[in-house]
Amino acid sequence: MATDQKLVRFYEHAQLYVKKERSEELEEMREASSLDYFQRLTQNEFMREYVWTFYASGFKNAILERKFLALEKVFENFNLDRICRMSSTAAVLSVINHAKKADAVLEGAHLVFKMGFPNLKEQLLRLGPGALVSLPYIGAIDKKHLARNIGLASLHKNDVWVKRLVNLSGSKDDDQMIGDLSQRSTKKLAL
């Protein structure tokens, strides 16, 4: 079997796995991956997704899932105004001891507050997911993850697994590879 066909089969297998084993997450992503969802997004919901996205970077998902309720509590239920009034990250560090990420939440909250959430949303609509990199701890990979989670764009997360597939496929980049696989796949599910 040619490498191309193996990749398509792998892609379809991954789609079926997600549909079977992570159907609730898939449904949440489908609901969140719409401009309508983005238009209704509140500043506190945005903060929740922002925190999830960059804490997920470098962590196993299962670990973050176990600790996220505690993070939500110490980050004042992701209330933007209350996060901006926080003077210490000691409680946060007792949940996940990563000072740079804890400080980044406060820095990001202050940035969103200063800009004004409606202005941030307008900027994101105008400039697209690339504008998310102005937030602390959001880089080239995380911008896609966050954009998808807030309904700004329906994108894949270019994580280590996607990078490995790009290398195996000989594609120029992740967008090209995912697009090609999606076009050639007989099963049309969003990953």
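Among contacts in the protein chain between residues at least 6 apart in sequence, what share joins residues at least 24 apart? The share is 65%, where contact means heavy atoms within 4.5 Å.

This is a predicted model: local features need pLDDT of at least 70, side-chain atom pairs count only at pLDDT 80 or more, and totals for chains, interfaces and linings use all residues. Residues are numbered from 1 along each chain as its sequence is written, and side-chain values use heavy atoms, without hydrogens and water.

View 1. Helices (H or I, at least four residues) and strands (E, at least two) are DSSP runs, numbered from the N terminus. The protein chain has 191 residues, and 42% of them count as buried. Buried means under 20% relative accessible area, exposed over 50%, and partly exposed in between, with a 1.4 Å probe and protein chains only.

**View 2. Helix α4 meets helix α5.** Helix α4 spans residues 43-56 and helix α5 spans residues 61-74. Their axes come within 11 Å and cross at roughly 140°. Axes are lines fitted to C-alpha atoms, for helices over the stretch in contact, and angles run from 0 to 180 degrees between N-to-C directions. The angle makes α4 oblique to α5. Angles under 35 degrees count as roughly parallel, over 145 as roughly antiparallel, 65 to 115 as roughly perpendicular, and the rest as oblique. From α4, the contact uses R48, V51, W52, Y55 and A56. From α5, it uses N61, L64, E65, F68, L71 and E72. By class, seven of the contact residues are nonpolar, one is polar and three are charged. Ala, Val, Leu, Ile, Met, Phe, Trp, Tyr, Cys and Pro count as nonpolar, Asp, Glu, Lys and Arg as charged, and the others, Gly among them, as polar.

**View 3. Helix α4 also packs on helix α8.** The angle between α4 and α8 is about 145°, and their axes are 11 Å apart. On the α4 side, F46, M47, Y50, V51, F54 and Y55 make the contact. On the α8 side, the residues are K101, A102, A104, V105, G108, A109 and V112. This contact has eleven nonpolar residues, one polar and one charged.

**View 4. The largest nonpolar core has 41 residues.** A nonpolar core is a set of buried Ala, Val, Leu, Ile, Met, Phe, Trp, Tyr and Cys residues joined through side-chain atoms within 4.5 Å. F46, M47, Y55, L71, F75 and L132 have the most contacts inside this core. Helix α4 supplies the largest share, eight residues. Leaving aside neighbours within four places in sequence, Y55 touches residues including L64, L71, F75, V92 and V105.

**View 5. C84 sits in helix α6.** C84 counts as buried because its relative accessibility is 16%. Beyond neighbours within four places in sequence, C84 is in contact with A109, H110 and F113. C84 and E107 are 23 residues apart in sequence and 8.4 Å apart in space, C-alpha to C-alpha.

**View 6. Q123 belongs to helix α9.** This helix covers residues 117-127. Q123 counts as buried, at 19% relative accessibility. Apart from neighbours within four places in sequence, Q123 contacts M115, G128 and A131.

**View 7. Helix α10 is mostly covered.** Of the ten residues in α10 (residues 140-149), seven are buried. Among them are D142, K144, H145 and L146. Just after α10, G151 takes a positive phi of about 85°.
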